[in-house]
Amino acid sequence: MMADLVSGEASESDEELQDKNKIFAAEVSGEASEEEDDEDIYEQRRSSNQVNSTASIYRNNLLQRKLIENNIAIWRSLTAFTRSFVLNASKQLVTTDQMLIKSQLSLQSAHTSLQQAQKNAQDLQTRVAAVITSNFLPHINIHKAT
């Protein structure tokens with residue numbers, strides 16, 4: 001029965017179909033037994049899967065680390081840019097505000113001076129009108145002798 005077995009094919013005898021609890025297998029010389037192969041292959045696959053998954057995890061961790069580092073660098077650059085932009089804008093606003101305050105003070109001073117000049121002009125106008133309308137020389141009548 002064992003001699004009729006062809007390597008790579010399952011035997012199809014009636015005895016095997018009747019005896020489901022028994023397993024017949026031919027051992028080919030030069031190959032390890034099935035138990036050793038199964039364990040070795042399983043262990044090799046398992047260990048190679050562990051190595052691949054470890055390498056994959058390492059690659060993923062390395063990729064994640066690089067992504068995190070790049071994200072942090074982008075965040076820092078963006079924060080520095082924003083801070084610089086806001087600080088420069090704030091300095092310009094403070095400078096503009098100071099210039100406006102100086103301009104306001106100058107305008108207030110000019111306004112006060114103009115009000116004083118207007119009051120002086122009104123006083124002068126009133127005095128000139130008083131001088132022109134007043135009779136500072138009396139009226140003299142001159143008669144001619146004949």
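A residue is called buried when its relative accessible area is under 20%, exposed when over 50%, and partly exposed in between (1.4 Å probe, protein chains only). The structure described here is a predicted model, in which local features need pLDDT of at least 70 and side-chain atom pairs count only at pLDDT 80 or more, while totals for chains, interfaces and linings use all residues. Residues are numbered from 1 along each chain as its sequence is written, and side-chain values use heavy atoms, with hydrogens and water left out.

The protein chain has 146 residues, of which 1% are buried. Its secondary structure consists of two helices and zero strands; helices (H or I, at least four residues) and strands (E, at least two) are DSSP runs, numbered from the N terminus.

Confidence comes next. The mean pLDDT, the predictor's confidence in each residue from 0 to 100, is 75 for the protein chain, with 58% of residues at 70 or more. Residues 20-28 have pLDDT below 50, and this stretch makes five contacts (heavy atoms within 4.5 Å) beyond near neighbours in sequence. Where pLDDT is low, the predicted coordinates should not be read in detail.

One aromatic pair is present. Rings of Phe, Tyr and Trp (its six-membered ring) pair if their centres lie within 6.5 Å; planes under 30 degrees apart count as stacked, over 60 as edge-to-face and the rest as tilted. The pair formed by F81 and F85 is stacked, because the ring centres are 6.3 Å apart and the planes lie at 25°. Both residues belong to helix 2 (residues 34-133), where a spacing of four residues separates F81 from F85 by about one helical turn. F81 is exposed, at 57% relative accessible area, and F85 is exposed as well, at 56%.
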